[in-house]
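Student: I would like to go through this model with you and ask, at each step, what lies behind the words we use for it.

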Amino acid sequence: MNKHHHIWIFFTGALILTGCDNPRTRDMATHFTHIDSLTEVYLNLQDSLHTAWNLMINDDNQKIKAMHNLLHELKISAQLDPEKAKSLEHRIEQLKRIRYTPKSMSNPDLVAEYDFASNSLVSELISLSEAHAAYSYNTTMQKLVNQIRQAEESIEHYRSDYDSIVVAYNKFIQDNKDHMREIDHTSKVEKKPLFQMVSE
């Protein structure tokens, strides 16, 4: 090891030792450790929100798929007026296009309108199916009706789970508003809307 290496190691060691004895350096280290901890909590909350949202949307997509399949069963039975079938098909296809997003649901009217459109279709399709002459022995139709009903029941649980995470997320932002720029550099962090707003 040459003389320059000895000097460099000594200089680096001196800096480290000096840093440890410097209260300002200790405070900065503590601050950064605190920010790291907060960032980890924040990222976990974001992951939880993402997962809860995807579970909820997947449930809704399964319901829409079952509605498509149920309409297909009604169409092939030749007991459904072609114009009526076409209208129902169009309304089902519209659902995904008019569905709320994590941002647009800040307007509770949008969620209420989507729910009305979806619930109306569910009621109409199930009524048509149960009035069908073959419904009592058509196990495919019965299975699809049950899938739709189960998805309808599940959506409230998924929304409740999502809301509970949003409450924790919003509280975190409020409690740590002075540090949010250090925690999230990517965008302006804002509180998220709740589904609870729709029922209020």
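Predicted model: local features only at pLDDT ≥ 70, side-chain atom pairs only at ≥ 80, totals over all residues.

Student: What makes up the secondary structure of the protein?

Tutor: The protein has 7 helices and 0 strands, and from the N terminus on its elements run α-α-α-α-α-α-α. As for contacts between residues at least 6 apart in sequence, 73% of them join residues at least 24 apart.

Student: Why is Lys 177 called exposed?

Tutor: The relative accessible area of Lys 177 is 56%, and the word exposed applies over 50%, so Lys 177 is called exposed. Lys 177 has its place in the loop between α5 and α6 (180-183), and its C-alpha atom is separated by 9.2 Å from that of Val 189, which is 12 residues apart from it along the chain.

Student: Why is Glu 152 called partly exposed?

Tutor: Glu 152 has a relative accessible area of 23%, and since buried means under 20% and exposed means over 50%, with partly exposed in between, Glu 152 is therefore counted as partly exposed.

Student: Which residues is Glu 152 in contact with, leaving aside its neighbours within four places in sequence?

Tutor: Glu 152, which is in helix α5, is in contact with Lys 63, Ser 118, Asn 119 and Val 122, once its neighbours within four places in sequence are left aside. For one of these, Asn 119, the C-alpha atom is separated by 8.5 Å from that of Glu 152, although the two residues are 33 residues apart along the chain.

Student: How do you know whether Ala 168 and Ser 106 are buried, partly exposed or exposed?

Tutor: Ala 168 in helix α5 has 35% relative accessibility, and Ser 106 in the loop between α3 and α4 has 45%. The C-alpha atom of Ala 168 is separated by 10.0 Å from that of Tyr 42, 126 residues apart along the chain, while the C-alpha atoms of Ser 106 and Phe 195, 89 residues apart, are separated by 8.7 Å.

Student: What describes the packing of helix α3 and helix α4?

Tutor: Helix α3 (residues 82-98) and helix α4 (residues 108-130) pack at an angle of about 145 degrees, with their axes 10 Å apart, and α3 passes α4 in a left-handed crossing. The residues of α3 that meet α4 include Leu 88, Ile 92 and Leu 95, and among those on the α4 side are Ala 117, Leu 121 and Leu 125. By class, this contact of α3 with α4 has 9 nonpolar, 2 polar and 3 charged residues.

Student: What makes up the lining of the largest pocket, by class of residue?

Tutor: The lining divides into 8 nonpolar, 5 polar and 6 charged residues. The pocket itself has a volume of about 430 Å³ and is lined by 19 residues, of which Lys 103, Tyr 169, Glu 190, Lys 191 and Lys 192 lie nearest its centre. Both α2 (23-76) and α5 (139-175) supply at least two residues of that lining, and the largest share, 5 residues, comes from α2.

Key:
Residues numbered from 1 in each chain as written. Heavy atoms only, no water. 1 Å grid on protein atoms, 1.4 Å probe; cavity = no way out; pocket = protein on both sides within 12 Å on 5 of 7 lines; lining within 4 Å. Points joined across faces, edges and corners; volume = space filled by probe spheres on them. Helix = DSSP H or I, 4+ residues; strand = E, 2+ residues; numbered from the N terminus. Nonpolar A, V, L, I, M, F, W, Y, C, P; charged D, E, K, R; others polar. Axes fitted to C-alpha atoms, helices over the stretch in contact; angles between N-to-C directions. Left-handed = near helix turned anticlockwise from the far one by under 90°. Contact = heavy atoms within 4.5 Å. Buried < 20%, exposed > 50% of the residue type's maximum accessible area, 1.4 Å probe, protein only.
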